[in-house]
Amino acid sequence: MFGALFYSIGCFFVAGILTFVTTMFRPIQDKGESRPWRAFLVWMFLVFSGPYMYAEILTRFVVKGIEKPMKEAYANVEINGPIQYYKVIWYTGKTAKVIAVGLEKQTWGGTDRPLAAFNMKKDAKGKWSCDSYRLVYSDNKNKDGISFPPYW
């Protein structure tokens, strides 16, 4: 939860800086009707949602054939529950960084949504395989890391 809070605060400051820059360097004849709050809202939306849109584009359109090896790698992680979803958050052509969010029962009866990060590698034949993985966040395993952008 702290990751989402820090991400929102960081987006607020970046959007503020971008608003300042864009309103200061507008042509003089356009400054009469200047409404910086509109520019701030547009920048805030773009800065906040940009990394999520990038991950969606990578997951749906760019990276093909990674689902089966990703699910096989997820089975090796210490998560005792099904995978909810996965997102490709970084792609360089031969390597990809993938995060997966699972659903796990907690000991007191609630649910935990653990997050695992996978480094995937493509071989010469175009097949994906898991190079390494780590458990980023899990209440049951006492892991408290964050991802960028924050997923839960």
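Q: What makes E2 and E5 count as paired strands in this predicted model?
A: E2 and E5 are joined over 7 bridges in the antiparallel sense, and because a pairing needs at least two bridges, these strands qualify as a pair. Within this pairing, Lys97 stands opposite Asn119 in E5.

Q: How do you know that E1 and E2 pair, and what lies between them?
A: The two strands run antiparallel and are joined by 7 bridges, where at least two are required, so they count as paired. In E2, Val98 is the bridge partner of Val88. The strands form a hairpin with 3 residues between them, and Gly93 in the turn has a positive phi of about 110 degrees.

Q: Why is strand E2 described as largely enclosed by the rest of the structure?
A: Of the 8 residues of strand E2 (residues 95-102), 6 are buried, so the strand is largely enclosed by the rest of the structure.

Q: What makes E1 and E7 the edge strands of the open sheet?
A: The sheet has 5 strands in the order E1-E2-E5-E6-E7, with antiparallel pairing. Strand E1 (83-91) and strand E7 (143-144) each pair on one side only, and they are the edge strands. Further along the order, strand E5 (residues 115-122) is joined by 8 bridges to strand E6 (residues 128-138), the two running antiparallel, and Leu115 stands opposite Tyr137 in E6.

Q: Why is the pair of Tyr7 and Phe148 called edge-to-face?
A: A search of the whole structure finds 11 aromatic pairs. For Tyr7 and Phe148 the ring centres are 5.6 Å apart and the planes stand at 65 degrees; because centres must lie within 6.5 Å and planes over 60 degrees apart count as edge-to-face, the pair receives that name. The pair links distant parts of the chain, with Tyr7 in helix H1 (residues 2-24) and Phe148 in the segment after E7, 141 residues apart.

Q: How do you know whether Tyr7 and Phe148 are buried or exposed?
A: Tyr7 has 8% relative accessibility and therefore counts as buried, the limit being under 20%, whereas Phe148, with a relative accessible area of 57%, is exposed, the limit there being over 50%.

Conventions. Residues numbered from 1 in each chain as written. Predicted model: local features only at pLDDT ≥ 70, side-chain atom pairs only at ≥ 80, totals over all residues. Heavy atoms only, no water. Helix = DSSP H or I, 4+ residues; strand = E, 2+ residues; numbered from the N terminus. Phe/Tyr/Trp six-rings, centres within 6.5 Å; stacked < 30°, edge-to-face > 60°. Buried < 20%, exposed > 50% of the residue type's maximum accessible area, 1.4 Å probe, protein only.
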